[in-house]
Amino acid sequence: MKQKIVIKVEMTCDKCRSKAMALVAATVGVDSVALAGDSKDQVVVVGDGVDSVKLTSTLRKKVGHALLVQVGEVKKEEEKKKPAEVAVAANAVEYAYPWHYYQYPTHAVPVYEHPAGAYGYQHRTDTWWM
């Protein structure tokens, strides 16, 4: 069951807003995050299995004063918006997936045909000082 959580957070600058958005987007179970309200001081979270109390306390610790405004079930009308309604909600910033989670490809490990000695050099037996 998807739920919609609205949290009012005291955010005075864009840096605080982006920090709050990144913090919420990194939480397990969050599907989308948006800013709402006249002064963009409300964080709207849609997800499945998100602990709203824990999320609010994390925002209090990391960003500032946070107040849990609403917790409810996502309505079917909100999930299937018409194109005209999408244009109205275009000013809301949404992150569908945390931007800082990028899986870099693993690099290939070189395989040598001959065994390497200490520091990659072979021990030479034909020299008199070794």
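Trainee: In which hand does α1 pass α2?
Mentor: A crossing is right-handed if the near helix is turned clockwise from the far one by less than a right angle, and left-handed if anticlockwise. Here α1 passes α2 in a right-handed crossing. This is a predicted model, where local features need pLDDT of at least 70 and side-chain atom pairs count only at pLDDT 80 or more, while totals for chains, interfaces and linings use all residues. Residues are numbered from 1 along each chain as its sequence is written, and side-chain values use heavy atoms, with hydrogens and water left out.

Trainee: At what angle do the axes of α1 and α2 cross?
Mentor: Axes are lines fitted to C-alpha atoms, for helices over the stretch in contact, and angles run from 0 to 180 degrees between N-to-C directions. Helix α1 covers residues 14-25, and its axis crosses that of α2 at roughly 145 degrees. The two axes come within 11 Å.

Trainee: Which residues in α1 and α2 meet?
Mentor: Contact means heavy atoms within 4.5 Å. From α1 come K19, A20, L23 and V24; from α2 come L55, T58, L59 and K62. Five residues of this contact are nonpolar, one is polar and two are charged. (Ala, Val, Leu, Ile, Met, Phe, Trp, Tyr, Cys and Pro count as nonpolar; Asp, Glu, Lys and Arg as charged; the others, Gly among them, as polar.)

Trainee: Which residues line the second largest pocket?
Mentor: Begin with the idea: rolling a probe the size of a water molecule over the atoms shows where empty space is left. On a 1 Å grid over the protein atoms alone, a pocket is an open set of points where a 1.4 Å probe fits, with protein on both sides within 12 Å along at least five of seven lines; lining residues have an atom within 4 Å of a point. Here the lining is L23, A26, T27, V28, G49, V50, D51, K54, L55 and T58. Five of them are nonpolar, three polar and two charged. Helix α2, residues 52-62, gives the most, with three residues.

Trainee: What is the volume of that second largest pocket?
Mentor: About 170 Å³. Grid points are joined across faces, edges and corners, and the volume is the space filled by probe spheres set on the points.

Trainee: Is S52 buried or exposed?
Mentor: Buried means under 20% relative accessible area, exposed over 50%, partly exposed in between (1.4 Å probe, protein chains only). S52 is in helix α2. S52 counts as buried because its relative accessible area is 12%. Leaving out residues up to four places away in sequence, S52 touches I5, L68 and V71.

Trainee: Where are K40 and D41 found?
Mentor: K40 is in the loop between β2 and β3. D41 is found there too, with β2 at 30-36 and β3 at 42-48. K40 has a relative accessible area of 27%, so K40 is partly exposed. Its phi is near 55 degrees, a positive value in a residue other than glycine. D41 is at 16% relative accessibility and therefore buried. Beyond its neighbours within four places in sequence, D41 contacts I7, K8, V9, M11 and A36. D41 and E10 are 31 residues apart in sequence, yet 6.2 Å apart in space, C-alpha to C-alpha.

Trainee: How many helices and strands has the protein chain?
Mentor: Helices (H or I, at least four residues) and strands (E, at least two) are DSSP runs, numbered from the N terminus. The chain has four helices and five strands. Their pattern along the sequence is β-α-β-β-α-β-α-α-β.
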